[in-house]
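Q: Could you take a close look at the charged side-chain pairs in this model and walk me through them? I would like to see who pairs with whom, and how open each partner is.

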Amino acid sequence: AAGEGAAGPGPALTITVHGVPAPQGSKRHIGRGALIEQSKRVAPWREAVKHAALAAAHPTGFRRLEGPVRCDITFVFDKPKSAPKRRRTWPITRSSGDVDKLQRAVFDALTDAGVMRDDSQVVDVRARKVHTGDPDAPLQVPGAVIRVWEVTDA
């Protein structure tokens, strides 16, 4: 609709990350004003996202997005062995993490990779969690597919 801004026809960048998605959790105070990440899984995941973003941006001559940004993220998790085989299930256990904290880890990694200046630029986001083998899973291994657009007036 007019005035809301639109994203161009295709994403400015499509990033495929392999690895188990990890949420950016809470920080824990360890004394003398120092804080550390509580989740041990988030650092390797953020590095994987950052390296995948750099690899996706490098060959295309991509330049950092400075304006408003829209993101579409699909997080893919292995289906637990205990899950029913014939019926669709969703990754809603604690181990898959909160979708907002998963987003936060991705946005921080995209900022570190120079995809955008700051995660405050994200004005529109769609994020979902699916299992490998689901009909709309973009990967058949754990990971994420991240699509990023710069929002324009057109």
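A: Glu66 and Arg64 pair up in a salt bridge, with their closest N and O atoms 2.7 Å apart. This is a predicted model, so please read every value here as computed from it. Both partners fall in the middle range of accessibility: Glu66 is partly exposed at a relative accessible area of 39%, and Arg64 is partly exposed at 42%.

Next comes Arg88, which takes part in a salt bridge with Asp134, where the closest N and O atoms are 3.5 Å apart. This pair ties together distant parts of the chain, 46 residues apart: Asp134 sits in the loop between β6 (122–131) and β7 (143–152), while Arg88 sits in the loop between β5 (69–77) and α2 (99–112). Asp134 is buried, with a relative accessible area of 7%, whereas Arg88 is partly exposed at 31%.

Asp136 counts as partly exposed, at 44% relative accessibility.

A further group is a network: salt bridges with shared partners join Arg46, Asp108 and Asp112. In total, the model has eight salt bridges. As background, side chains of opposite charge can pair when their charged atoms come close.

Helix α1 covers residues 42–57, 16 residues in all, and reaches 22 Å from its first C-alpha to its last, close to the 22 Å expected at 1.5 Å a residue. Its buried residues are Val42, Trp45, Val49, Ala52, Ala53, Ala56 and Ala57. They lie on the same side of α1 because they cover an arc of only 125° around the axis. In general, an α-helix has 3.6 residues a turn, so residues three or four places apart point the same way. On the face of α1 turned away from the buried side, you will find the exposed residues Pro44 and Ala55.

Methods. Residues are numbered from 1 along each chain as its sequence is written. This is a predicted model: local features need pLDDT of at least 70, side-chain atom pairs count only at pLDDT 80 or more; totals for chains, interfaces and linings use all residues. Side-chain values use heavy atoms; hydrogens and water are left out. Helices (H or I, at least four residues) and strands (E, at least two) are DSSP runs, numbered from the N terminus. The expected span of a helix is 1.5 Å times one less than its number of residues. Buried means under 20% relative accessible area, exposed over 50%, partly exposed in between (1.4 Å probe, protein chains only). The arc is that of the directions from the helix axis to the C-beta atoms. A salt bridge is a side-chain nitrogen of Lys or Arg within 4 Å of a carboxyl oxygen of Asp or Glu.
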